[in-house]
Amino acid sequence: MEQTENAEKTAVAENFGGVGTSGGKKKRQIKQKTLREWLFAYGMLLLPLIQFAIFYIWINANSIVMAFREFAWDDDGNEIYYWSMANFTRFFMEWSNPESVIVSALLNTLRYFAAGVIMVPVTFLVSYFLFKKIWGYKVFRVVFFLPSIVSAVLFVTTYIELIKYGGPLSTVLGWFNIQLPELINDPTRTTGTIIAFTVWTGFGVNMILYQSAMSRIPQEIIEAAQLDGCPWYRELWSVVIPMVWPTISTTLILLFTSLFNSTGPILLFADAGRQALLDNKEVTTVAFWIYQKTRGGVDLNYPAAIGIFFTVVSVPIVFLVRWVFNKLDPDVTY
């Protein structure tokens, strides 16, 4: 009996020991699996982090350094750099020059920005009518969103062919004895022509955002307004806008973040036959002018200083606009 009891105790002890060993193996396997998952996740993040560090942090830090540097030549003819505010002094002196490229570029930039601001209510109004499912709304939705999914080069080419002399628009105006002026190659009209193109193709993304926000409005609220005899403009102003205001304010804030980066597809319009447009001060914008100087690779310190200046100016403007919109934001939850 004693031998039998001892054998049973030994078997039970071995079984418990086996369970403990199995449990330890499972824990080690789970740890190894978790470690592999973490290594895979961080490995996938490593490349974008390196790209962010090189192409954003390092480049922007280098641009800040370049803005406060000036180069000269030593007695041996070697190029040397020293700290200076000369780039900013040169920039501020540009404002007193009526022929300044920077002044003209800034005015063109503000024109593109104003067109973007005007497009917000226009896009919202179009989105509202599509939300109300007017006749042919599916066709209009495709037509307005098409420029966002089709190559910009194709649309620019189509637009140029449409408005050039001898094109469809010129032919139609000719039926009424109206001569279409030169719109692309005339620098005094080029900016307005490109702005018209950006308006034509500028519905896309914001239209989708506004319609998505409107689709979240409870249908009961819309039906209650209709039962009260609310006309469409009253419904738009008193019901729809307050309930989707966070989306509207977000798009406006994002628009102000690109205040001094506002520009049109100037490079696409300046094809092989219009290279002179690239260097014309009547056409360029601040962002495009900086791009031109950077591509040339000469005197990079000066455009770096201009970029720093407009960045410093735009940051408080964006925060001010954000504060104003947050104050205007109605307290609506649904």
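**Aromatic pairs and local features**

At 12% relative accessibility, Phe260 counts as buried, where buried means under 20% relative accessible area, exposed over 50% and partly exposed in between, with a 1.4 Å probe and protein chains only. Before I go further, please keep in mind that this is a predicted model, in which local features need pLDDT of at least 70 and side-chain atom pairs count only at pLDDT 80 or more, whereas totals for chains, interfaces and linings use all residues. Residues are numbered from 1 along each chain as its sequence is written, and side-chain values use heavy atoms, with hydrogens and water left out.

Let me turn to the aromatic rings. The structure holds 27 aromatic pairs, a pair being rings of Phe, Tyr or Trp (its six-membered ring) with centres within 6.5 Å, stacked if the planes are under 30 degrees apart, edge-to-face if over 60 and tilted otherwise. One of them joins Tyr159 and Phe197, a tilted pair with 5.1 Å from centre to centre and 55° between the planes. This pair connects distant parts of the chain, since Tyr159 sits in helix 5 (residues 152-163) and Phe197 in helix 7 (residues 187-200), 38 residues apart; helices (H or I, at least four residues) and strands (E, at least two) are DSSP runs, numbered from the N terminus. Both partners are shielded: Tyr159 is buried at a relative accessible area of 9%, and Phe197 is buried at 5%.

The residue I opened with, Phe260, takes part in another such pair, because its ring and that of Phe310 have centres 4.7 Å apart and planes at 35°, which makes the pair tilted. Phe260 lies in the loop between helix 10 and helix 11 (266-269) while Phe310 belongs to helix 13 (residues 301-328), so the pair ties together parts of the chain that are 50 residues apart in sequence. Phe310, at 6% relative accessibility, is likewise counted as buried.

Next, helix 8. This helix (residues 204-215) has twelve residues and reaches 17 Å from its first C-alpha to its last, close to the 16 Å expected, a span taken as 1.5 Å times one less than the number of residues. Its buried residues are Gly204, Met207, Tyr210, Gln211, Ala213 and Met214, and what covers them includes helix 3 (101-131), helix 4 (137-149) and helix 10 (232-257).

Arg69 itself is placed in strand 1 (residues 69-73) and is partly exposed, with a relative accessible area of 26%. Its C-alpha atom is separated by 8.1 Å from that of Ala86, which stands 17 residues away along the chain.

Finally, a word on the backbone. Most residues other than glycine have a negative phi. Lys133, however, has a positive phi near 55°; Lys133 is found in the loop between helix 3 and helix 4 and is exposed, with a relative accessible area of 56%. Asn177 also has a positive phi, near 60°; Asn177 lies in the loop between helix 6 (168-174) and helix 7 and is exposed at a relative accessible area of 76%.

Technical notes. Contact = heavy atoms within 4.5 Å.
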